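Please work through each task before reading its solution.

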Amino acid sequence: MTAVAPPISTKALLTDVTTVRLRPRYEGSNICTWIGFKHVNYLVEEAVLVHFADSGAPARRLYEEHGLGLDIVALETRILHAFHMDDMAEAEVVPDTGEDDRTLGFRVTLRVARDGSVLKAVAAKVRVSLRADTYLPEAGGPPAEFAPFVVDRLGAEARTGELAPVRVLLPDGDEAAVLASLTAGRNAHAWKWNIPYPYCHFTERLQMSGYLRLMEEAKDRFVRDRGISIKTLLDERRWIPVVPRSSVRVIDEAVMEEDLYTVYTVEEIFKDLTYTARMDCFVVRDGTLTLTATGRITHGYAVIDNRSDWRLVPFDRRVLDALGGEPSGT
């Protein structure tokens, strides 16, 4: 006999604190045994999904019973201590949703054991929308208390001011002209990419983890274009990029097999220690570039001392010149 699940509710979701132990994925250990920023963010995402499940509103049930896709639409993360392969993180999820909020908010803290003490390793803020599914026939409507957080399209409430669609007339959709318009006057690198299904979810749209993968690729493409590729600095100096902060915000939807233009722009170089870059993602609709996501990431460099230790190093003139170079598009 199958037990009947209790009615779905926001009570625990909006009030209870969830604590869960998580291990970073093996895939995220690309250099020695350190875990990259993307997989640190995956831990944050997983903690939020566990919170939904423990609160009686797991992502699968939301979708199958109520036609709601759980979409992370904003993710801001500070990394205070590096994670290593086989570390066990203790993740704490604290609800942070105001009365007038149209998205569900959470504060996530990741802690890790180091030398007999427990350190606060990551602090993150997460916003979630519940996207009403339109791909399949209409499902049963959501419970009334979920209604304030249900949207027909991601980011509809955010597209104002600097996040409004960029109006650019595109000559016959010419790729070179689009890239030139996106990098003109900027210290930037841009490329066009066709969205494949492994980056998507709920059958059609690009998900937050896809944007994180794009942000990682944007860095890789930018430094390679400037002559200081990841492998170049590894081979010549044992330098690796490190990330203390990142953020991504979904502004509109990007759909499977659409062409996505990604622009990576260096905005600020702080002395010779870190630089902050902005990532903007656009699709072309009705002759207009439409912004679908924007984010920022702060990078520094560290030198590998041995298989388990690294230390931060200042930029030298070669790296400073490369980071401050001329715009380009490929």
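**Exercise 1. Domain placement and contact**

The C-alpha centres of domain 1 and domain 2 lie 25 Å apart. The model is predicted: local features need pLDDT of at least 70, side-chain atom pairs count only at pLDDT 80 or more, and totals for chains, interfaces and linings use all residues. Residues are numbered from 1 along each chain as its sequence is written, and side-chain values use heavy atoms, with hydrogens and water left out.

Task: State which residues each domain spans and how many residues each gives to the contact.

Solution. Step 1: domain 1 covers 1–158 and domain 2 covers 163–329, with bounds from an automatic or database domain assignment. Step 2: with contact meaning heavy atoms within 4.5 Å, domain 1 supplies 32 residues and domain 2 supplies 33 residues.

**Exercise 2. Salt bridges**

Task: Determine how many salt bridges cross the interface of domain 1 and domain 2.

Solution. Step 1: the rule requires a side-chain nitrogen of Lys or Arg within 4 Å of a carboxyl oxygen of Asp or Glu. Step 2: the rule finds 6 salt bridges across this interface. Step 3: a salt bridge also joins the side chains of Lys-38 and Glu-216, at 2.7 Å from N to O.

**Exercise 3. The domain 1 side**

Task: Identify which element gives the most to the side of domain 1 that touches domain 2.

Solution. Step 1: elements giving two or more residues are β2 (29–31), α2 (37–54) and β4 (68–79); helices (H or I, at least four residues) and strands (E, at least two) are DSSP runs, numbered from the N terminus. Step 2: β4 gives the most, with 11 residues.
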